[in-house]
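Please keep the sequence and the structure in view while reading.

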Amino acid sequence: MTAQLLIGPLLRRVTGDRATIWVETSEPTTVRVEAEGGASGSASTFCAYGHHYALIVVTGLAPESAHAYRVLLGDREVWPVAGSPYPPSVIRTRAADDAEQPVSLLFGSCRQATPQATGRQLPPDALDAYARRLMADPDHRPDLLVLLGDQVYADETSHKVRRFLRRNRPADHDGPADQVITFEEYTKLYLESWRDPEVRWLFSTVPSVMIFDDHEIIDDWNTSDSWRADMARESWWRERISAGLASYWVYQHLGNLSPDELDADPLYQKVSAAEDATDLLHDFGLEVDDPGSAENTDRPYQWSFALDLGRTRLVVLDNRCNRVLTPGARAMLPAAEWDWFISQAHGDYDHLVVGSSLPWLMPPAIHHLEAWNEKVSESRRSKRWAAFGERVRRAFDLEHWAAFGKSFTALGELFRRLGEGGVGAPGHRVGAGGAYAAPASISVLSGDVHHSYVARADFGHAMATPVMQLTCSPIHNEVPAPLRPLMRVAWLPPVIRSVRGLAKSAGAPKPLIRWKRLSGPYFGNAIGTLSLDGRHARALIEGTTKDGRLHEVVATEYEP
């Protein structure tokens, strides 16, 4: 049979004169990418679970240029599609010395694939709206799209996916009827989501990086050690976690890696060389689900990653898979990965951007509730009281940074040390290469909570570096109307004081920093843009109108 292009092309990393492009095809084939100016690259597909994928490294790109490209399967051109109404897909490179070049990051999270989700009619998709606007003005592409979790929903499927499940599962299947479990079922989620015509074009022409959140696997994924124990008793869980992590590695994580990182990734080398990588990826999915502990912090695989764009450093953190869940030693990252994060936070740059699927700074009353809940759930005085805390934790999704109190404090301390100059002289931080000036800004990009807001941390007058929480969610989903007033009142001082008193009664320490909401909350579908130019930063969040256009809902500027 003749190979067809099923998904893609997805333009992922653009690094210097090289770029990576990801595709899924219907049959084994050789994929070739040819760009204007003579740049090109090719790769043979690799096979897993009966599906075929390729990650092509394009080399020879000229600096500071936009290169229109085409994709060939064998000798047959499959992209751009004949008669396409969309502008050409291009690979845009930055200047060879891009230190003075501005940086633009597009970000958001939580995107249901279809207007109808689990019986609800959703408002217009913000990513679709952004793509349509970019089509009308294709010269104003952002440097990078940062997707912060819930790119697909394994546990909240569309009518189309449910029909597939009903028709293709055996009669004696004992897993959740409306949730995906196998790798094959996961492929239907990506096919549905990434074949959206506007989004497909956007992915083909704007570089992207991605990190998972819980719904790529299941709601509340890794919320606690008792949650893991409960899930381990489900007969279908091992297949679900293996397929979920293996499919995430193939569809999302591979493209986060630069060409050099791909060369250094032993799993990618094995998978790309294997005749059939099914067993490799199945076993990998189980191995990286190791629960870990405070004593065993070596992880089999690191999902967190980092990259530089000009004078901006982006570090995207895994907030889910590698959590330490041991009571009394809970941590958002294991020790070895935390040390890696600290090493990335020290360096020669102007702006530090941290991608965290879960907001670091929540509405303060919710923060104190999560801090209370962590203490109650770990109570050694009463098993009944601890069980009550665990039920509350799961019922209200109390699993953000505040629910990992030591990690919340450690992240704030890291930001303070960076902003005040670390351990070096005033105004400087010290890394392996010597002393560096304090960053012009620190921005935490987050999603998950299905509303958008901007908050600023207060470290005291001695620290000039602004530290901002930029939360943009959802791209295409919604928060239930009854919860919206709760999100608003959680910022009110009387409510904050009351819940803080509750947290104090359980022994939760008072946060060492304060934070103030500058804008929001906004509850519609939205997409965010962080623009960084010199020492200046500007955050913009745009929501969708009923007719599917974008309008400004939050704009904040900051600098030292």
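Helices (H or I, at least four residues) and strands (E, at least two) are DSSP runs, numbered from the N terminus. Residues are numbered from 1 along each chain as its sequence is written, and side-chain values use heavy atoms, with hydrogens and water left out. The model is predicted: local features need pLDDT of at least 70, side-chain atom pairs count only at pLDDT 80 or more, and totals for chains, interfaces and linings use all residues.

The pockets come first. On a 1 Å grid over the protein atoms alone, a pocket is an open set of points where a 1.4 Å probe fits, with protein on both sides within 12 Å along at least five of seven lines; lining residues have an atom within 4 Å of a point. Grid points are joined across faces, edges and corners, and a volume is the space filled by probe spheres set on the points.

The largest pocket has a volume of about 820 Å³. Its lining comprises 32 residues, and Phe 396, Asp 397, Val 449, Leu 483 and Met 487 lie nearest the centre. At least two lining residues come from each of helix 11 (364-377), helix 14 (484-489) and helix 15 (493-505); helix 11 provides the largest share, with four. By class, 17 of the lining residues are nonpolar, five polar and ten charged, where Ala, Val, Leu, Ile, Met, Phe, Trp, Tyr, Cys and Pro count as nonpolar, Asp, Glu, Lys and Arg as charged, and the others, Gly among them, as polar.

The second largest pocket has a volume of about 430 Å³. It is lined by 24 residues, with Val 14, Thr 15, Gly 16, Arg 94 and Leu 309 closest to its centre. Strand 1 (5-15) and strand 15 (305-309) are the elements that give two or more residues to this lining, and strand 1 gives the most, five. The lining of the second largest pocket divides into eleven nonpolar, four polar and nine charged residues.

Helix 11 also contains Asn 373. This residue is buried (under 20% relative accessible area; exposed is over 50%, partly exposed in between; 1.4 Å probe, protein chains only), and the value for Asn 373 is 0%. Beyond its neighbours within four places in sequence, Asn 373 is in contact (heavy atoms within 4.5 Å) with Gly 389, Val 392, Arg 393 and Leu 398.

Helix 2 (residues 159-168) has Val 161, Arg 162 and Leu 165 as its buried residues. Viewed down the axis of helix 2, these fall within an arc of 100°, so they line one face of the helix; the arc is that of the directions from the helix axis to the C-beta atoms. Lys 160, Arg 166, Arg 167 and Asn 168 are exposed on the other side of helix 2. Helix 3 (183-194) is included in what covers the buried residues of helix 2.

A nonpolar core is a set of buried Ala, Val, Leu, Ile, Met, Phe, Trp, Tyr and Cys residues joined through side-chain atoms within 4.5 Å. The largest has 95 residues, and Trp 249, Trp 303 and Leu 530 have the most contacts inside it. Helix 6 (residues 237-253) contributes the largest share of this core, nine residues. Apart from neighbours within four places in sequence, the contacts of Trp 249 include Leu 267, Phe 284 and Trp 303. A second, separate core has 45 residues, among them Leu 361, Leu 418, Val 444 and Phe 459.
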